[in-house]
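My notes follow, entry by entry.

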Amino acid sequence: MTRRELRIGLFGYGCVGRGLHDVLESSNGIKAEIVRICVKDKTKERRLPMSFFTFDKNDILNDCSINLVVELINDPDEAFEIVRQAMQNGKSVVTANKVMVASHLNELVDLQHKHNVALLYEASAGASIPIIRNLEEYYDNELLHSLRGILNGTTNYILTLMHSEGRDFAAALHEAQEKGFAESDPALDIEGWDAKYKLCIITAHAYGMFLDPDEVFHYGISHISRHDIRYAKEKGYKIKLVPYVGKTDDNTITCFVLPRFVSPDKYLYNVDYENNGVITEAAFAEKQFFAGKGAGGHPTGSAVLSDISANSYGYRYEYKKNIHDTIRNFTRDHHIEIYLRYHNEKDRDQFSFSEVSEFYNNHIYRYIIGTVNLKDLYDIRNKLGSMSIFIASTGRKILRV
Ligand code: HSE
């Protein structure tokens, strides 16, 4: 197979952009060179000569000698404009922008077909873990029962420090920001948005369904307290933020993001700090576990490099599962068991528990464990942020409701 030589136009030179540059410099086998870098800030000191940089996106988009655009900027709307224009100009694109990919997947797939170019985004979910290409190429969606994991490095870092070192939330978040794991707006991490966008991308390649992220329930860790950590520790659990997608019948899936109690016998229990982990459960193959660094310049840069290399061999996603369309429905009518820590009775009354297995009430700490329907949680999603509560899935299977 011939390998084309790549002349790369790079957008963004932040943590991941610099990480990619380092990784590319250390990889001798790849015939790829960054020839131009488009950045926003004219005043920032750069570690490369200024002749590499431009502040005008058209210097890359209209340069016929550049045959691959690598998009690593923060702003998803600007990123979409760049990616769209690049593809319209006949350039393949590699991106790590999960918000942009998850929010525009249908249009991005159409653009790839229309302009006969590739868009690759392995770094957008799970950073260094090669999960998208594996799902795309290896797993048949009829046999894949479910996928769950840890897909956000920042929240996992915070939860690890709170659990193992007794650190408080704000200090742990600050440390995750200092290390370059968090998004510019960390609400995206701690409220569970980031994990949800990644889950939607993964669902597209696991099951061929392009979900609208707004349709998927998510709840993060921004309201977690020392009571919740103490409860988990007393039971021998850790709390992790766990996105889940799975089949409810032959052609229907359900999908959500919730904190979850994880016991020591589970693979995810030992996935700590900024590491991510993904568990697939499939007929015959049974359980499989992928783990690796889920955030940071070099791990994310390594996934971008892998896409660059794949592109040099002409690789592109075929979206076979979307075309064959065996999974046709998405449902939120799905029962899960949750732990709800609350303060006010009126907040608790917003939740319709169908079965309660545990209940505790003193003047400073109250919780209830019981079964709820995901569709009811989704219906009250906009009120949850203003309630003095924390929700976690117990992870127990609901046998009957
Ligand atoms: N903020 C993201 C995380 C970066 O913490 O996982 C990697 O996508």
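A cavity here is a set of points, on a 1 Å grid over the protein atoms alone, where a 1.4 Å probe fits but cannot get out. A volume is the space filled by probe spheres set on the points, with grid points joined across faces, edges and corners. At a cut-off of 30 Å³ or more, I count 1 cavity.

I then listed the lining, meaning residues with an atom within 4 Å of a point. For the largest cavity, these are Leu159, Thr160, His163, Ser164, Lys238, Ile239, Lys240 and Asp272. The helix α7 gives the most, with 4 residues. Helices are DSSP runs of H or I with at least four residues, strands are runs of E with at least two, and both are numbered from the N terminus. By class, the lining has 2 nonpolar, 3 polar and 3 charged residues. Ala, Val, Leu, Ile, Met, Phe, Trp, Tyr, Cys and Pro count as nonpolar, Asp, Glu, Lys and Arg as charged, and the others, Gly among them, as polar.

A note on terms. The model is predicted, local features need pLDDT of at least 70, side-chain atom pairs need 80 or more, and totals for chains, interfaces and linings use all residues. Residues are numbered from 1 along each chain as its sequence is written, and side-chain values use heavy atoms, without hydrogens and water.

A pocket is an open set with protein on both sides within 12 Å along at least five of seven lines.

Which residues are the closest to its centre? I found Tyr244, Arg260, Gly395, Arg396 and Lys397, out of 35 lining residues. The space is about 790 Å³. β10 gives the largest share of the lining, 7 residues.

I checked which of its residues are buried (under 20% relative accessible area, 1.4 Å probe, protein chains only). They include Gly17, His21 and Leu24. The buried residues of α1 pack against β1 (6-11), β2 (32-38), β4 (68-71) and α12.

Notes
Buried means under 20% relative accessible area, exposed over 50%, partly exposed in between (1.4 Å probe, protein chains only). Contact means heavy atoms within 4.5 Å.
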